[in-house]
Amino acid sequence: MLPAYIRIHDAIKNEIDRGVWKIGSRLPSERDLSDQFEVSRMTLRQAITLLVDEGILERRVGSGTYVASQRVQEKMRGTTSFTEIIKSQGKDPSSKLISYERTYPNEQEIRHLSVRPKSYIIRMERVRYADNLPVAYEVTSIPERLIRHFKQEEVTNHFFQTLTDHGYIIGKSQQIISADVANGDKADALEVKQGHALLTRRQTSYLDDGTPFEFVRSQYVAGRFEFYLESSN
């Protein structure tokens, strides 16, 4: 049997997903909620804290607990940049560059980018934000030959747009989604606790002629980002 605070967490999250409590609405007091769920205020507080950690609720000092802004959603169809996804949700995208290096590829990068072991790639690590809230920790690898004449800012700030501006046509992408947890520096960078649930995505993106131009390993904070599938009949 699930612990009481997990059952309450799931019940509140379900009501938010069903629209019982709208985005930005204030939740009842802890006393009222503990009475509603017939648990102690300590147990209720555990459930609320977990929802806050997941980015589903937010506490406002002196005001109460509110349903947080809507989670960023990505439709898993086609090839779209993080910036485009965030803008399409009406949010302000931004990034913090952790590292940017010219290096030899590892085995994964060789396989996904179809490059030679002694050919150079650019590998960069970034924290990606939506409205200043950290959403993902991202490691991006790009064949250097494709971007040799690009400025670093063009790659780190608006890579897809830069490719298009230079005459490249972006084609399909392949994605693999799996579960993970936050540890070490990544937990700190994403402003979550150690062991917090993450969604890991590995994506290889191709130009229209089939040339792979980017291999990305992204770890998204569960509760701040979600993927959904759409298929046609």
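Val39 counts as partly exposed because its relative accessibility is 22%; buried means under 20% relative accessible area, exposed over 50%, and partly exposed in between, with a 1.4 Å probe and protein chains only. The model is a predicted one, in which local features need pLDDT of at least 70, side-chain atom pairs count only at pLDDT 80 or more, and totals for chains, interfaces and linings use all residues. Residues are numbered from 1 along each chain as its sequence is written, and side-chain values use heavy atoms, with hydrogens and water left out.

Val39 sits in the loop between α2 (30–37) and α3. Helices (H or I, at least four residues) and strands (E, at least two) are DSSP runs, numbered from the N terminus. Leaving aside neighbours within four places in sequence, Val39 is in contact with Ala4, Ile8, Ser34 and Leu44, where contact means heavy atoms within 4.5 Å. Thr162 is 123 residues from Val39 along the chain, and the C-alpha atoms of the two are separated by 55 Å.

The axes of α2 and α3 are 9 Å apart, at an angle of about 105°. Axes here are lines fitted to C-alpha atoms, for helices over the stretch in contact, and angles run from 0 to 180 degrees between N-to-C directions. The angle makes α2 roughly perpendicular to α3; angles of 65 to 115 degrees count as roughly perpendicular, under 35 as roughly parallel, over 145 as roughly antiparallel and the rest as oblique. From α2, Glu30, Arg31, Leu33, Ser34 and Phe37 meet Arg41, Leu44, Arg45 and Ile48 of α3. The residues of this contact divide into 4 nonpolar, 1 polar and 4 charged. In this count, Ala, Val, Leu, Ile, Met, Phe, Trp, Tyr, Cys and Pro are nonpolar, Asp, Glu, Lys and Arg are charged, and the others, Gly among them, are polar.

Helix α3 (residues 41–53) also packs with helix α1 (residues 4–17): their axes come within 8 Å and cross at roughly 55°. The two helices are therefore oblique to each other. On the α1 side, Ala4, Tyr5, Ile6, Ile8, His9, Ile12 and Lys13 take part, and they meet Thr43, Leu44, Gln46, Ala47, Ile48, Leu50 and Leu51 in α3. This contact of α1 with α3 comprises 10 nonpolar, 3 polar and 1 charged residues.

A nonpolar core is a set of buried Ala, Val, Leu, Ile, Met, Phe, Trp, Tyr and Cys residues joined through side-chain atoms within 4.5 Å. In soluble globular proteins, nonpolar side chains tend to be buried together. The largest core has 13 residues, and Ile12, Ile16, Trp21, Leu27, Ile48 and Leu57 touch the most other members. Both α1 and α3 supply at least two residues each, and α3 gives the largest share, 4 residues. Ile16 is in contact with Trp21, Ile56, Leu57 and Val67, leaving aside its neighbours within four places in sequence. Apart from this core lies another, of 12 residues, among them Met124, Leu146, Ile147 and Val155.

Arg59 belongs to strand β1 (residues 57–60). Its relative accessible area is 41%, so Arg59 is partly exposed. Beyond its neighbours within four places in sequence, Arg59 is in contact with Arg45, Ile48, Thr49, Val52, Gly64 and Thr65. Arg59 and Ile48 are 11 residues apart in sequence, with 9.4 Å between their C-alpha atoms.

Most residues other than glycine have a negative phi. Asp131, in the loop between β5 (121–130) and β6 (133–143), has a positive phi near 50°. Asp131 counts as partly exposed because its relative accessibility is 42%. Glu191, in the loop between α8 (184–190) and β8 (197–207), has a positive phi of about 60°. With a relative accessible area of 53%, Glu191 is exposed.

Taken as a whole, the chain contains 8 helices and 10 strands. Of its 233 residues, 42% count as buried. The C-alpha trace spans about 65 × 40 × 35 Å along its principal axes. Among contacts in the chain with a separation of 6 or more, 58% are between residues 24 or more positions apart.
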